[in-house]
Amino acid sequence: MEQKTRPRNGRTGRIRRKALACPPIGALMRYGERIVRVVAEASGQRVIIQSVNEDGCAFRSTVKWASLTPLDTALIASAQRVEHYEIAAYGSLIALGKQLGETTAVQLLGETLKEEKSTDEKLSLLAEEKVAAEALGK
Ligand SMILES: [Fe+2]
């Protein structure tokens, strides 16, 4: 769930912390509405980021550290909830497929289930890295 604040001016908004130091290389960050990965440090308190455009093509650009904000923990949690739903659904389909003797479908669903579990594990690592980084004040 997105954490909201109500500043004194009456408007609501997300809590945003600007990057005050160079974010770690490889970090996932928010740049405006985009999720980006920091790929290298550049001069003048800037970093090179990689993101994906509307056509699905990866591209790089150079931005100031202060333009980046940490990825919301809520966003990671939402993605992980989707993965858990998918894992439950594929698990149920595999059980049903076994009862029906659909060996090919069971095999394909099993491969997809492995991918969903792998994504879930990656999201867990990302969440753990984020919590550790916040605990260290990064
Ligand atoms: Fe998934």
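**View 1. The surroundings of Ile 49 in a predicted model.** Leaving aside residues up to four places away in sequence, Ile 49 touches Tyr 31, Val 36, Arg 37, Val 38, Val 39, Arg 60, Ser 61 and Val 63, where two residues are in contact if their C-beta atoms, placed from the backbone, lie within 7 Å. This is a predicted model, in which local features need pLDDT of at least 70 and side-chain atom pairs count only at pLDDT 80 or more, while totals for chains, interfaces and linings use all residues. Residues are numbered from 1 along each chain as its sequence is written.

**View 2. The largest nonpolar core.** Ile 49 also belongs to the largest nonpolar core, whose 7 residues include Ala 27, Met 29 and Leu 68; such a core is a set of buried Ala, Val, Leu, Ile, Met, Phe, Trp, Tyr and Cys residues joined through C-beta atoms within 7 Å, and a residue is buried if 20 or more other C-beta atoms lie within 10 Å of its own. Buried residues make up 7% of the 138 residues in the chain.

**View 3. Strand β3 and its partners.** Strands are DSSP runs (E, at least two residues), numbered from the N terminus, and two of them pair if DSSP finds at least two bridges between them. Strand β3 (residues 28–31) pairs with β4 in the antiparallel sense over 4 bridges, and Arg 30 stands opposite Ile 35 in β4. The hairpin that β3 and β4 form has 2 residues between the strands, and Gly 32 in the turn has a positive phi of about 65 degrees. Strand β7 (residues 68–70) runs antiparallel to β3 and is joined to it by 3 bridges, with Met 29 opposite Pro 70.

Methods:
A residue is buried if 20 or more other C-beta atoms lie within 10 Å of its own, exposed if 12 or fewer, and partly exposed in between; C-beta atoms are placed from the backbone.
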